[in-house]
Amino acid sequence: GADPYDTDAACEGSSASFHGTHTGGTAVGDSLEHPSSRTDAGVDAGDGMAPNAQLIVQDLGSENGCLGGDNTYEMYLQALRGGARAHSNSYGSDTQGAYSSDDETVDRFLFEHDEMTILFSVGNSGPSPASTGSPGNSKYVITVGAVGNGDSTRVSRFSSRGPTSDGRI
């Protein structure tokens with residue numbers, strides 16, 4: 001019943017190149033050269049981190065814009081009821097480390113549903129300190145920064161950094 005906003009009418013770029021498509025592939029993508037199955041891991045260089053995992057896609061977009069909808073609590077609950085126990089997110093706002101109402105919403109959800117793990121991108125406002133975004137400033141989420149390609153351990157220049165404005169790392 002979702003709006004098919006990926007028609008590119010309202011959003012710049014093609015629907016296949018949206019950030020969620022990219023991060024979903026990084027998480028659970030499976031190369032068609034040697035697909036994974038229940039009996040064969042089918043590990044290939046082009047695979048995501050968990051190529052035999054299941055993926056639930058939730059769309060924050062609408063025909064009127066690329067990001068929308070302000071009831072994220074219900075979104076997390078829908079995923080939990082659908083069987084998800086990990087929820088990966090790459091959206092947010094640049095709050096420069098400040099705790100916002102978006103952070104409070106995800107913290108309230110996780111306090112009430114401790115069987116779920118929620119992850120957020122730290123943001124793309126680096127390399128300055130205290131440049132993290134919300135809801136990645138939540139107290140109960142895992143917030144992840146960007147590193148270079150492959151097995152790099154070098155933090156990417158664009159990746160936001162902590163601490164939060166109240167000193168959390």
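## Close-up views of a predicted model

**View 1. The largest nonpolar core.** The largest nonpolar core holds 15 residues, and Y76, V106, F109, L110, M116, I118 and F120 touch the most other members. Such a core is a set of buried Ala, Val, Leu, Ile, Met, Phe, Trp, Tyr and Cys residues joined through side-chain atoms within 4.5 Å; buried means under 20% relative accessible area with a 1.4 Å probe, protein chains only. Two or more residues come from each of α2 (72-81), α3 (101-112) and β2 (117-121). α2 gives the most, with 6 residues. This is a predicted model: local features need pLDDT of at least 70, side-chain atom pairs count only at pLDDT 80 or more, and totals for chains, interfaces and linings use all residues. Side-chain values use heavy atoms, without hydrogens and water, and residues are numbered from 1 along each chain as its sequence is written.

**View 2. Surroundings of L110.** Leaving aside neighbours within four places in sequence, L110 is in contact (heavy atoms within 4.5 Å) with M116, I118, Y140 and V141.

**View 3. The second largest pocket.** Its lining has 19 residues; V122, T132, G136, T143 and I169 lie nearest the centre. By class, 7 are nonpolar, 10 polar and 2 charged. The space in this pocket is about 270 Å³. A pocket is an open set of points on a 1 Å grid where a 1.4 Å probe fits, with protein on both sides within 12 Å along at least five of seven lines; lining residues have an atom within 4 Å of a point.

**View 4. The whole fold.** The elements run α-α-β-α-β-β from the N terminus. Helices (H or I) are DSSP runs of at least four residues, strands (E) of at least two. Buried residues make up 31% of the 169.

Definitions and conventions: Buried means under 20% relative accessible area, exposed over 50%, partly exposed in between (1.4 Å probe, protein chains only). Grid points are joined across faces, edges and corners, and a volume is the space filled by probe spheres set on the points. Ala, Val, Leu, Ile, Met, Phe, Trp, Tyr, Cys and Pro count as nonpolar, Asp, Glu, Lys and Arg as charged, and the others, Gly among them, as polar.
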